[in-house]
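Subject: Structure for your review

Dear colleague,

Please find the structure below, handed over for your records.

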Amino acid sequence: MLRRGLIAAAAATLLASAAQAQETVKVGLILPMTGPSASTGKQIDAAVKLYQAVNGTTVAGKKVEVILKDDTGVADITKRLAQELVVNDKVAFLAGFGLTPLALAVAPIATQAKVPEIVMAAGTSTITEASPFIARTSFTLAQSSVPMADWSIKNSIKKVVTLVSDYGPGIDAEKSFAEKFKAEGGTIAESLRVPLRNPDFAPFLQKAADAKPDALFVFVPSGFGAQFVKQFVERGLDKSGIKLIATGDVTDDDQLNGMGDVMIGVINTHNYSAAHDSPANKAFVEAFKKANNGMRPNFMAVGGYDGMHLIYEALKKTGGATDGEKLMAAIKGMAWESPRGPISIDPDTRDIIQNIYVRKVDKQNGELYNVEFATIPNVKDPVKAAKKN
């Protein structure tokens, strides 16, 4: 009898464990927590933690467990971690992805396993085309670059040198800016591409200075802006009369204060500023700073925060079901009010539709901010939009 009782107890424990496992939805969060893109990982991780602190860890009757993994910004590691999370941890979502090569490395795994891949950071247009199970809550570089070209032409900038990091988003930024700028009558004097790893901007800045453009258009990924600005000043370009124009990655909220007053007046275009004037953003910034020893959230943080919102709302729509195809059907067309403003997921491309803001770096209460002065509403990814036409 005792043996039977022990067997029954063991069986009950196993059943309880199985039921508990079914009640937990696991999210594999893969981020560069160390290495040159560590600031991206730090911001997104903090935002994901904040989302759960504000909204709880239970949705649709299921506990949401986030499993954080550090890929150090290396694509081979990202791929291995994604495989382990799918096979060993049985995650229902893969999320994060600080750079384009990292997001693309996981696309075949998302497709094969039918696990939604939520891109919270990487910005190359083609990413969402790599798998039907990818959706993005960050941005595309073309969303910012085309409005920057349009603003430049309207403000008497006729000759530009472009300087970008030499990988997917940089090439997108260069191409989309140049196409719009030239179509409106502008001239591209030089197109300069700087290596992504261990970049030395000095020789490229010298080439830019020699071309004597009206403006230098720049894209470097989040976390690289401070190094670029340091070398920009060292080469004397801040006193050359050449305007600095950029995507908001360069004037990243996470580093802007450390760049110094040389940044005041820099015009840039992007999807989020910590200075965005809305009740939702004021609450987000205050809560983020409080939870992170005064750290200011940047556009990576808002991509992570909205990525978690997308996961939670998709689970609500499926009633907690974690079938990948059902989750992707729930994600398509979803719309909500983000700290950055109104956003939605394009049902055709699974890419984000969002406002893009023209901003000027200015000092407010002793701190530097990207202050918005114009809005381009509901911007779809221009690269995909061009393919449809």
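A residue is called buried when its relative accessible area is under 20%, exposed when over 50%, and partly exposed in between (1.4 Å probe, protein chains only). Helices (H or I, at least four residues) and strands (E, at least two) are DSSP runs, numbered from the N terminus. This is a predicted model, in which local features need pLDDT of at least 70 and side-chain atom pairs count only at pLDDT 80 or more, while totals for chains, interfaces and linings use all residues. Residues are numbered from 1 along each chain as its sequence is written, and side-chain values use heavy atoms, with hydrogens and water left out.

In helix α8 (residues 225–234), the buried residues are Gly225, Phe228, Val229, Gln231 and Phe232. Viewed down the axis of α8, these buried residues fall within an arc of 165°, so they line one face of the helix; the arc is that of the directions from the helix axis to the C-beta atoms. Lys230 and Glu234 are exposed and sit on the face of α8 turned away from its buried side. The buried residues of α8 pack against β7 (159–165), α7 (202–211), β9 (215–219), β10 (243–247) and α9 (256–259), where contact means heavy atoms within 4.5 Å. Just after α8 comes Gly236, with a positive phi of about 80°.

In α7, Ala202, Phe204, Leu205, Ala208 and Ala211 are buried. Their cover includes β7, β8, β9 and α8.

Most residues other than glycine have a negative phi. Asn198 counts as exposed, at 76% relative accessibility.

Helix pairs

For the pairs below, axes are lines fitted to C-alpha atoms, for helices over the stretch in contact, and angles run from 0 to 180 degrees between N-to-C directions. Angles under 35 degrees count as roughly parallel, over 145 as roughly antiparallel, 65 to 115 as roughly perpendicular and the rest as oblique. A crossing is left-handed if the near helix is turned anticlockwise from the far one by less than a right angle, and right-handed if clockwise. In the contact counts, Ala, Val, Leu, Ile, Met, Phe, Trp, Tyr, Cys and Pro are nonpolar, Asp, Glu, Lys and Arg are charged, and the others, Gly among them, are polar.

1. Helix α2 (residues 38–55) packs on helix α11 (residues 299–318) at an angle of about 40°, with the axes 7 Å apart. The two are therefore oblique to each other, and α2 passes α11 in a right-handed crossing. The residues of this contact divide into 11 nonpolar, 6 polar and no charged.

2. The axes of α11 and helix α12 (residues 324–331) come within 9 Å and cross at roughly 110°. These helices are therefore roughly perpendicular. On the α11 side, Leu310, Ala314, Leu315, Lys317 and Thr318 meet Lys326, Leu327, Ala330 and Ile331 of α12. This contact holds 6 nonpolar, 1 polar and 2 charged residues.

3. Helix α3 (residues 75–87) and helix α4 (residues 100–113) pack at about 25°, with their axes 8 Å apart. They are therefore roughly parallel. Ala75, Thr78, Lys79, Ala82, Gln83 and Val86 in α3 meet Pro101, Leu102, Ala105, Val106, Ile109 and Ala113 in α4.

Two buried residues

Thr78, in helix α3, counts as buried at 0% relative accessibility. Leaving aside neighbours within four places in sequence, Thr78 is in contact with Ile30, Asp71, Phe97, Leu102 and Val106.

Val358 lies in strand β14 (residues 352–364) and counts as buried at 4% relative accessibility. Val358 and Trp151 are 207 residues apart in sequence and 8.2 Å apart in space, C-alpha to C-alpha. Beyond its neighbours within four places in sequence, Val358 has contacts that include Trp151, Ile267, Asn268 and Thr269.

With kind regards
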